[in-house]
Amino acid sequence: TLTRKTQPLMDKYSYLSNGDVNAIDQLYKQYKQDPESVETGWRTFFEGFEFARTNYDDEALTPENMPKEFRVLNLITAYRTRGHLFTKTNPVRARRTYTPN
């Protein structure tokens, strides 16, 4: 059963199921042959579609510093989630001692 909360959400995306799959497929084939032959909105949509389908698993495409960047992002996330435990923000009493894992 639909509740009052889910009904507006479904209405918001109802256009997704109303499209003619064959017409969109034909537009995509037309776009593949000549991207300039389709309307700008469809061209942008298909560019995004192809970008999402791109395979980035190839090691040659991965920059050498990517693992280091992810470690930095993990460190930033750790400070955001647990950093307050290591600060001296309470002037009334001392904090318990925590040690990072």
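Tutor: We will go from the overall fold to charged pairs and then to aromatic rings. Residues are numbered from 1 along each chain as its sequence is written. This is a predicted model, where local features need pLDDT of at least 70, side-chain atom pairs count only at pLDDT 80 or more, and totals for chains, interfaces and linings use all residues; side-chain values use heavy atoms, with hydrogens and water left out.

Student: How many helices and strands does the protein have?

Tutor: Helices (H or I, at least four residues) and strands (E, at least two) are DSSP runs, numbered from the N terminus. This protein has four helices and zero strands, so the order of elements from the N terminus reads α-α-α-α.

Student: What share of the residues counts as buried?

Tutor: A residue is buried under 20% relative accessible area, exposed over 50%, and partly exposed in between (1.4 Å probe, protein chains only). Here 7% of the 101 residues are buried.

Student: Now the charged pairs. How many salt bridges are there?

Tutor: Side chains of opposite charge can pair when their charged atoms come close. The cut-off for a salt bridge is a side-chain nitrogen of Lys or Arg within 4 Å of a carboxyl oxygen of Asp or Glu. Searching the whole structure gives three salt bridges.

Student: Where do Lys29 and Asp25 lie?

Tutor: Both are in helix α2 (residues 21-33), four residues apart, about one turn of the helix.

Student: Which residue does Lys32 pair with?

Tutor: Lys32 forms a salt bridge with Glu50, with 3.1 Å between the closest N and O atoms. This pair links distant parts of the chain, since Lys32 is in helix α2 and Glu50 in helix α3 (residues 40-53), 18 residues apart. Lys32 is exposed, with a relative accessible area of 52%, while Glu50 is partly exposed at 26%.

Student: That leaves Glu36 and Arg43. Is Arg43 buried or exposed?

Tutor: Arg43 counts as buried, at 15% relative accessibility, whereas Glu36 is exposed at 61%. The closest N and O atoms of their salt bridge are 3.8 Å apart. Arg43 sits in helix α3. Leaving aside neighbours within four places in sequence, Arg43 is in contact with Tyr31, Pro35, Glu36 and Val38. The side chain of Arg43 also reaches the backbone oxygen of Pro35 at 3.2 Å.

Student: What does Tyr28 touch?

Tutor: Not counting residues up to four places away in sequence, Tyr28 touches Phe46, Phe49, Glu50 and Arg53. Tyr28 lies in helix α2 and is buried at 15% relative accessibility. A polar contact is a pair of N or O atoms within 3.5 Å; within protein, one must be able to donate a hydrogen and the other to accept it, and residues adjacent in sequence count only if both atoms are side-chain atoms. The side chain of Tyr28 makes one with the side chain of Glu50, at 3.1 Å.

Student: How many aromatic pairs does the structure hold?

Tutor: Rings of Phe, Tyr and Trp (its six-membered ring) pair if their centres lie within 6.5 Å; planes under 30 degrees apart count as stacked, over 60 as edge-to-face and the rest as tilted. The structure holds seven aromatic pairs. In one of them, the rings of Tyr28 and Tyr31 have centres 6.3 Å apart and planes at 20°, so they are stacked. The rings of Tyr28 and Phe49 have centres 5.4 Å apart and planes at 85°, so that pair is edge-to-face. Tyr28 in helix α2 and Phe49 in helix α3 are 21 residues apart, linking distant parts of the chain.

Student: Which residues form the aromatic cluster?

Tutor: Tyr28, Tyr31, Trp42, Phe45, Phe46 and Phe49 form one aromatic cluster. Of these, Tyr28 and Tyr31 are buried, and Phe49 is partly exposed at 36% relative accessible area.

Key. Contact = heavy atoms within 4.5 Å.
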